[in-house]
Amino acid sequence: MKNYLKIALFGFLTWLVPFVVSFFFFMPDHTLAIDEGLFKSIMIVIGSLTGAVLLVLYFKNVSSDYLRHGVIVGLIWLAINLALDFLILMPMSHMAVSVYLSQIGLRYLTIPIMTIVVGYILTRDENDSQKISGR
């Protein structure tokens, strides 16, 4: 149970950090202070950095079943990010679901892609280490 709370907290942070950072790019009248393409690029970088740091922190305490953990973490983080966007971002932005899915939602598929890849790499490295040590 403790593990799922950590996954949920980290999933929330993967959403919260970029959300909070985004406010620094908006004017008081709710218009962007920078080019929209630049803003989206910055948000992708902030989200990726946040996710990478949290993945390192999460996997630091995992000692087996890396791929399974990668799948679970990725799907939970994806669900949390989509749910929070539907509950908070979409009502704030008055964005239609179809526009949201094409401009933002689709990008969230990078979350499970990255978590599963990390789990796969750690599994492969563990298997390689076992072959070397003769286990």
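Student: How much space lies in the largest pocket?

Tutor: In this predicted model, the largest pocket holds about 1200 Å³ of space. Its lining has 35 residues, and those closest to the centre are F39, M43, L89, I104 and Y108.

Student: Which elements give two or more residues to the lining of the largest pocket?

Tutor: They are helix 1, helix 2, helix 3 (66-93) and helix 5 (110-133). Helix 2 gives the most, with ten residues.

Student: How do the residues of the lining divide into nonpolar, polar and charged?

Tutor: There are 20 nonpolar, eleven polar and four charged residues in the lining of the largest pocket.

Student: What makes helix 1 roughly antiparallel to helix 2?

Tutor: The axes of helix 1 (residues 2-22) and helix 2 (residues 36-59) cross at roughly 155 degrees and come within 9 Å. Angles over 145 degrees count as roughly antiparallel, and therefore helix 1 is described as roughly antiparallel to helix 2. The crossing itself is right-handed.

Student: Which residues make the contact between these two helices?

Tutor: Helix 1 contributes N3, K6, I7, F10, L13, T14, V17, P18, V21 and S22. From helix 2 come F39, M43, I46, G47, T50, G51, L54, L57 and Y58.

Student: What classes of residue does the contact of helix 1 with helix 2 have?

Tutor: The contact has twelve nonpolar, six polar and one charged residues. Gly counts as polar, so G47 and G51 of helix 2 belong to the polar class.

Methods: Residues are numbered from 1 along each chain as its sequence is written. This is a predicted model: local features need pLDDT of at least 70, side-chain atom pairs count only at pLDDT 80 or more; totals for chains, interfaces and linings use all residues. Side-chain values use heavy atoms; hydrogens and water are left out. Axes are lines fitted to C-alpha atoms, for helices over the stretch in contact, and angles run from 0 to 180 degrees between N-to-C directions. Helices (H or I, at least four residues) and strands (E, at least two) are DSSP runs, numbered from the N terminus. Angles under 35 degrees count as roughly parallel, over 145 as roughly antiparallel, 65 to 115 as roughly perpendicular and the rest as oblique. A crossing is left-handed if the near helix is turned anticlockwise from the far one by less than a right angle, and right-handed if clockwise. Contact means heavy atoms within 4.5 Å. On a 1 Å grid over the protein atoms alone, a cavity is a set of points where a 1.4 Å probe fits but cannot get out, and a pocket is an open set with protein on both sides within 12 Å along at least five of seven lines; lining residues have an atom within 4 Å of a point. Grid points are joined across faces, edges and corners, and a volume is the space filled by probe spheres set on the points.
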